[in-house]
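Please look over the sequence and the model shown here before reading on. The report is meant to be read beside them.

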Amino acid sequence: MLAGDFVWLWRCRRWMRHAGWGGKIAVTSFTVAQTTGLLLVLFLRGRLHELQFPLSTPVLASIYLWHFLFIIPMMLLWLPLVLGKAVALAARAIVGMKHAPTAEAAPAMPRRDFFRLAGCAAPALFTIGLTKYSLAQLQHFRIRTLEVPIAALPPALDGLTIAHVSDLHVGQFTRGAILDEIVAATNALRADLVLSTGDLINFDLKDLPAGISVITRLEAPFGVFMCEGNHDLFEDPDAFRRRTRDAGIRLLVNENAVLNIRGTAVQILGLPWGAGVGNPHDDANRGDRAIEHSTRLLLQQRQAGAFPIILAHHPHAFDYAEDSPLTLAGHTHGGQLMATEDLGCGPMIFRYWSGLYRKSDRAMVVSNGVGNWFPLRTRAPAEIVHLTLRRT
């Protein structure tokens with residue numbers, strides 16, 4: 001991304017060599033500001049929001065949008081062109097091809113200057129406009145209501161309600177008043193259970209007290225339970241688990257809790273991130289093989305006669321949760337950037353990315369998540385999912 005900033009500035013300087021100083025200064029200032037901001041994000045490890053100046057969140061959103069939505073795609077398109085040109089030049093050198101000297105280019109016409117200036121200014125202006133749009137999104141979420149038919153549901157549990165609160169990502173883009181709104185909206189559902197499927201914090205353990213405050217204020221007659229997500233473990237996995245449990249939160253990491261609900265045993269099983277052993281950031285803790293290992297290990301704790309609910313941050317656990325009638329997951333953010341319901345980042349990356357999925361007599365619900373690690377969503381709104389289990 002840093003290289004992309006320099007490439008973009010270099011290209012703009014060439015395109016605008018006949019433009020006025022005003023345009024050059026504006027484009028250069030914007031690009032330098034973006035590069036400086038990216039360096040701060042990397043240096044501060046995502047904690048730019050802790051800087052005490054009023055535009056910290058808009059600036060951070062702009063940095064994310066500029067680099068993820070413009071610089072990275074630009075570099076992916078530009079590099080093949082550069083490689084192709086290099087191969088062509090090498091081929092000409094090998095065969096000894098010579099070019100006739102080219103006449104010095106005439107000064108660009110005013111119209112060409114205008115289009116060059118517009119071409120340099122448009123991405124920056126688009127980023128600024130998109131930043132304003134994304135900031136409004138950060139303050140909104142929906143309540144998504146789903147009925148989940150389950151053939152193996154015990155009769156006494158027909159109508160059991162669950163508030164599925166996933167991916168809060170408390171930190172750079174999810175903080176302040178929106179956290180109080182999430183608590184109020186969840187408690188207003190009066191669900192029998194509140195279940196959270198990971199990524200309580202976005203990165204920094206300094207945000208954990210605010211995340212803990214959210215979870216401890218959630219109310220449900222049969223309890224509040226959660227599993228861990230990958231973002232929770234970025235800084236210090238052991239510290240996250242210890243501090244969360246010390247606050248009285250029922251964090252299940254390759255563990256289970258058995259409840260008596262309406263005279264029926266219900267078992268909540270919490271899946272660890274990855275393989276659940278060793279360093280969570282090692283290659284052994286990534287991918288489907290790690291998910292399969294941890295899921296099969298967790299299922300060894302199944303209690304005969306109890307209705308199981310699996311809390312899994314990654315939705316691919318559904319493929320390995322055999323004989324488990326209900327799985328809840330998050331992680332995908334609904335695909336984050338979707339063009340249609342079935343076209344976008346979701347299906348490009350995940351087998352399951354949003355809503356209700358079924359396999360024979362098993363069901364899984366994947367939440368879009370109520371928080372944000374990235375400032376923009378398209379057709380994947382932040383949400384709290386209100387589930388009602390139905391016996392079929």
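Predicted model: local features only at pLDDT ≥ 70, side-chain atom pairs only at ≥ 80, totals over all residues.

An open sheet is built from 6 strands in the order β1-β14-β2-β3-β4-β5, and its pairing is mixed. The edge positions are taken by β1 (142-150) and β5 (250-251); each has a single partner strand, so one side of each is left without a neighbour in the sheet. Strands of a sheet pair through backbone hydrogen bonds, in either the parallel or the antiparallel sense.

Within this sheet, strand β3 (residues 193-197) and strand β4 (residues 224-227) run parallel and are joined by 4 bridges, with S196 standing opposite M226 in β4. Helix α5 (residues 177-188) lies across β1, β2 (161-164), β3 and β14 (383-391), and runs at about 15° to β14.

## Strand β9 and its partners

Strand β9 (residues 326-329) pairs in the parallel sense with strand β13 (residues 362-366) over 4 bridges, and A329 has V366 of β13 as its bridge partner. Strand β8 (residues 307-312) likewise pairs with β9 in the parallel sense, over 4 bridges, and in this pairing I309 stands opposite L326 of β9.

In a regular strand the side chains alternate between the two faces of the sheet. Along β9, L326 and L328 point one way, whereas T327 and A329 point the other way, and all of these residues are buried.

## The packing of α6 and α7

Helix α6 (residues 208-217) packs with helix α7 (residues 237-246) at an angle of about 40°, their axes being 10 Å apart. That angle makes α6 oblique to α7, and the crossing of the two helices is right-handed.

On the side of α6 the contact is made by L208, P209 and I212, and on the side of α7 by F240, R243 and T244. Sorted by class, the residues in the contact of α6 with α7 comprise 4 nonpolar, 1 polar and 1 charged.

Terms used:
Residues numbered from 1 in each chain as written. Heavy atoms only, no water. Axes fitted to C-alpha atoms, helices over the stretch in contact; angles between N-to-C directions. Parallel < 35°, antiparallel > 145°, perpendicular 65-115°, else oblique. Left-handed = near helix turned anticlockwise from the far one by under 90°. Contact = heavy atoms within 4.5 Å. Nonpolar A, V, L, I, M, F, W, Y, C, P; charged D, E, K, R; others polar. Pairing = 2+ DSSP bridges. Buried < 20%, exposed > 50% of the residue type's maximum accessible area, 1.4 Å probe, protein only.
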